[in-house]
Amino acid sequence: MKAKILLCEDDTSLGFIIADQLKSLGYDVHLASDGKEGFKAFNEAHFHLCIFDVMMPKKDGFMLARDVRKVNADVPILFLTAKSMTEDKIEGFKAGGDDYLTKPFSHEELQFRVKALLKRVNVEVEEEEEHIVKLGTYTYDKDNYMLTHSEFEKKLTKKEAQILNMLCKFKNQVLPREIVLNAVWGQDDYFVGRSLDVFITKLRKYLSQDTNVSIENVHGIGFKLEVVNG
């Protein structure tokens, strides 16, 4: 079955990145931007796991966990926090939390903790990530960083592949610039922003063999990988 996760994170960029990472592992993720919205979502659907940021507006993670525990005593709850104080961890466990992850954390650590919590409630996730992507007349092998066309073949660098992976995942949707910067470089300052522009220019060149495939700038927001009829 496909495990369903409720993620509550008020940092838009971080929430987007975590949700994207979890989706790439095959999970069905619902992202809420505050505790009040998260509790509403929890009461409207069935979730196998909850991931709550501690510091959120309207209703913090601890309050949200207490409310969730009033209606469901068993769903695993993982707290995300910038705090590492023992007192905060104890408060989290008293609120009904099962585990605690201190920011910043790696994708691998998040993956391990999520799988461990789901295993406790006997939920296994099916692998659904698409490894071969069709982009118009191009074929992109995500595992081997290989972009191929009848008149073109290019082995991408790691960063080129990371950026293209994100664009593919949100094909024909706007991908915010800061999301890419934080996911690939871990920051979104001016200098890495200029680096991103260089990589986008390179990817545009690689995709120039098909006029139905393009990476468009969305002024003041980010980029959109447009694939006509694809």
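**A helix crossing and its surroundings**

Author: Helix α1 passes helix α7 in a right-handed crossing; a crossing has that hand if the near helix is turned clockwise from the far one by less than a right angle, and is left-handed if the turn is anticlockwise. This is a predicted model, in which local features need pLDDT of at least 70 and side-chain atom pairs count only at pLDDT 80 or more, while totals for chains, interfaces and linings use all residues. Residues are numbered from 1 along each chain as its sequence is written, and side-chain values use heavy atoms, with hydrogens and water left out.

Two packed helices are described by the angle between their axes and the distance between the axes. Here α1 covers residues 12-24 and α7 covers residues 177-184, and they pack at about 65° with their axes 9 Å apart. The axes are lines fitted to C-alpha atoms, for helices over the stretch in contact, and angles run from 0 to 180 degrees between N-to-C directions. The elements are DSSP runs numbered from the N terminus: helices are H or I with at least four residues, strands are E with at least two.

On the α1 side the contact is made by Thr12, Ser13, Phe16 and Ile17, and on the α7 side by Glu178, Ile179, Asn182 and Ala183. Contact means heavy atoms within 4.5 Å. These residues divide into four nonpolar, three polar and one charged. In that scheme Ala, Val, Leu, Ile, Met, Phe, Trp, Tyr, Cys and Pro are nonpolar, Asp, Glu, Lys and Arg are charged, and the others, Gly among them, are polar.

Leu110 touches Ile18, Gln21, Leu22, Leu78, Leu101 and Phe105, leaving aside residues up to four places away in sequence. Ile18 is 92 residues from Leu110 along the chain, and their C-alpha atoms are separated by 8.8 Å. Leu110 is buried at a relative accessible area of 1%; buried means under 20%, exposed over 50%, and partly exposed in between, with a 1.4 Å probe and protein chains only.

Next, the aromatic side chains. A pair of aromatic rings is described by the distance of the centres and the angle of the planes. A search of the whole structure finds nine aromatic pairs. Rings of Phe, Tyr and Trp (its six-membered ring) pair if their centres lie within 6.5 Å; planes under 30 degrees apart are stacked, over 60 edge-to-face, and the rest tilted. The ring centres of Phe62 and Phe79 are 5.1 Å apart and the planes meet at 85°, so this pair is edge-to-face. Phe62 is in α3 (residues 61-71) and Phe79 in β4 (residues 77-81), so the pair ties together parts 17 residues apart in sequence. Phe62 is buried at 5% relative accessible area, and Phe79 is buried at 0%. Ring pairs also link Phe62 and Phe79 with Phe93 and Tyr100 into a cluster.

Tyr190 and Phe191 form another edge-to-face pair, 5.5 Å centre to centre with 80° between the planes. Both of its members are exposed: Tyr190 at 54% and Phe191 at 64%.

Helix α3 also holds Asp67, which is buried at 15% relative accessible area. Asp67 touches Phe39 and Lys59, again not counting residues up to four places away in sequence. Those two partners have an arrangement of their own: the charged end of Lys59 sits over the ring of Phe39, 5.8 Å from its centre. A charge sits over a ring if NZ of Lys or CZ of Arg is within 6 Å of the ring centre and within 35 degrees of the ring normal. Lys202 lies over the face of Phe199, 5.4 Å from the ring centre.

The backbone comes last. Most residues other than glycine have a negative phi, and most peptide bonds are trans. Lys58 is not a glycine but has a positive phi of about 70°; it is in the loop between β3 (49-53) and α3, exposed at 67%. Asn172, likewise not a glycine, has a positive phi of about 65° and belongs to the loop between α6 (158-169) and β10 (174-176). Asn172 is partly exposed at 35%. The peptide bond from Lys103 to Pro104 is cis, with omega near -5°, and Pro104 is in the loop between β5 (99-102) and α5.
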